[in-house]
Amino acid sequence: MTAVVPSSEATKPDVGGFPWPAGLSVAVLGPVIALALACAFFATQSDHFLSGGNFSLILQQVAVVGVIAIGQTLVILTGGIDLSCGMLMALGGIVMTRFATTLGMPPLLAILCGIGVTSLFGLVNGLLVTRIRLPSFIVTLGTMNIAFAATQLYSGAQTVTDLPPLMTALGDTFSIGATQFAWGTVAMLVLYALAWFVLRETAAGRHVYAVGNNPEATRLVGIATQRVLLAVYVAAGALYGVASLLSVSRTGVGDPNAGQTDNLDAITAVVLGGTSLFGGRGVVIGSLVGALVVGVFRNGLTLMGVSSIYQVLVTGVLVILAVTADQLSRRGAR
Amino acid sequence: MTAVAQPRVVMKATSLVKRYGQVTALDGSDFELRAGEILAVIGDNGAGKSSLIKALSGATVPDSGEIQLDGVVTKFRSPIEARRAGIETVYQDLAVAPAMTIAENLFLGREIRRPGWRGSALRMLDKRRMIEESVARLAELKVGIRSMSQALETLSGGQRQCVAVARAAAFAKHVVIMDEPTAALGVKEGGMVLELIRRVRDRGLAVVLISHNMPHVFEVADRIHVARLGKRATVLDPKKIGMSDTVAVMTGALRPDDLPAEALAH
């Protein structure tokens, strides 16, 4: 079929910045401004904040939450929420480190097993949400606790040490100028680019948005919405597994108590990044900016000598502010 | 009987039965739809109107009876199968994906991929072509929406419904079924959608219009299928019968046998 385009002004084709509605650029701009303001504030509070080394450190600290936030973004885009993300990350870390040390598995295989376990949990989440039609909130609250218990039981609440070097390779650094960067940061950026491409440029990605927008209408259009949801939960689980590897390689150990703050941090990052908790709206790159905001707050408050309990408090306030902004902007759009 | 050539029958159903437990929703309903016509389906609540439409659009499977499409017996087990057979349905709830663009909504589930390796290996969408085709399709139907890359939610209710109808018309090979397409719209917006439905018919598609709105039915319908008590009570010719008599037949106050012969559609 050839596209006959009448030359009349009224039907002039708009082939410009497809497919983002104009409003979304504002949605991405918001978190960037928040990030700039946070940086400006902490620069006035600490002399160390504005240094290449500190920024590199923030990027390393952000990598784990940043990768978890990609999976969380996928789930939230479909209108769900995943509370199990941090605990799955911890479980994946324990599985891959124990498999490599206690079982003596080749490191690469152990890593794949860790990612496999978190993906399997993602599959369970997805099956319960799609087949039994349970709310994702309660399903993932359950798997969060199961994953936590499994982590503690399997590790005996002991940190796993003496890891093979391949397992911590992503924690190694390279330098650009005088500043050291970790390979884990690069891995995170590559994953963001990949997620951004899939969500924006492929039909599968657009179907994730459609399911979040209007699941029933999307089903009637002929899209296998159950399969889309299932794929999203499995992909999220796999991403938490990659986050496990980043966490293990950054700390050099398998930590059964990892991931405790990452649950809320990842959700905060996604919502700060402009993705709507009501589903169907948002850009994955926003979650990276949101993760950076969370990371800058944690780093800045630490530099100021504020105790970590206050950091938790600040994250709680941030997530409520972000959700409030989301709700108010939606009301304004109606 | 005069030997006037009847238009081709596109879709035909005979003796459809559908029971839900104790309730018989369809009690041997017949149905006939011809090429290039707008057939209105009216009926009181519980007359079997929506059960009939669900059976025709594949949303439910009738317990017994037969559906023919272009003279071939067919069985739809899902709306997707009906859609593959060339039957598109427009549902009452307006928008498909409100936060997505018009072009994306038009091509949702039927996306066009880029030619070459970008499409086959990277599975990239051909956004430019989808926008161009959207412009062409909406222009064909004279839907005056300027930008295909605006979000559906920025449109008025009538414009959104026009996009839904245009989507159906663009992909239907045989039949477009519209379930209360004007129910949620104001007078002017409703008129805009009715005008569009006429243009869809004029392009040769057969249109089934389910509506409670008698003025709308009389404005566009070529024939009126009256559902009553799970059956087809009769088929009326809107040019030969008034609105009040039609409503009387629908509610059972008037028996079809008591109508003058010319009121019945042939």
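Axes are lines fitted to C-alpha atoms, for helices over the stretch in contact, and the angle between two of them is taken between N-to-C directions. This briefing applies that idea to a predicted model. In chain A, helix H3 and helix H9 pack against each other at about 60 degrees. In chain B, an open sheet of 6 strands is described together with two helices that pack on it.

**Overall build of chain A**

- Chain A contains 12 helices and 2 strands.
- Read from the N terminus, the order of its elements is α-α-α-α-α-β-β-α-α-α-α-α-α-α.
- The C-alpha trace of chain A extends over about 70 × 50 × 35 Å along its principal axes.
- Buried residues make up 49% of the 334 residues of chain A.
- Of the contacts in chain A between residues at least 6 apart in sequence, 78% link residues at least 24 apart.

**A helix pair in chain A**

- Two packed helices are described by the angle between their axes and the distance between the axes.
- Helix H3 (residues 85–101) of chain A and helix H9 (residues 225–251) of chain A have axes 8 Å apart, at an angle of about 60 degrees.
- H3(A) and H9(A) are therefore oblique to each other.
- Their crossing, that of H3(A) with H9(A), is right-handed.
- On the side of H3(A), the residues making the contact include Cys85(A), Leu88(A), Gly92(A) and Gly93(A).
- On the side of H9(A), they include Gly237(A), Tyr240(A), Gly241(A) and Ala243(A).

**The sheet of chain B**

- The strands of this open sheet follow the order S6-S7-S8-S3-S9-S10 (chain B), and the pairing is mixed.
- Strand S6 (87–90) and strand S10 (231–236) of chain B are the edge strands; each has a single partner strand, so one side of each has no neighbour in the sheet.
- From one strand to the next, the twist averages 20 degrees.
- Strand S3 (residues 38–42) and strand S8 (residues 206–210) of chain B are paired in the parallel sense through 4 bridges.
- Within this pair, Ala40(B) has Leu209(B) in S8(B) as its bridge partner.

**Helices on the sheet of chain B**

- Helix H1 (residues 49–57) of chain B packs on the sheet and touches S3, S6, S7, S8 and S9 of chain B.
- The direction of H1(B) makes about 145 degrees with that of S7(B).
- Helix H6 (residues 157–171) of chain B also packs on the sheet, where it touches S6 and S7 of chain B.
- The direction of H6(B) makes about 175 degrees with that of S6(B).

How values were computed: Residues numbered from 1 in each chain as written. Chains lettered and ligands numbered in written order. Predicted model: local features only at pLDDT ≥ 70, side-chain atom pairs only at ≥ 80, totals over all residues. Buried ≥ 20, exposed ≤ 12 C-beta atoms within 10 Å, placed from the backbone. Contact = placed C-beta atoms within 7 Å. Pairing = 2+ DSSP bridges. Axes fitted to C-alpha atoms, helices over the stretch in contact; angles between N-to-C directions. Parallel < 35°, antiparallel > 145°, perpendicular 65-115°, else oblique. Left-handed = near helix turned anticlockwise from the far one by under 90°.
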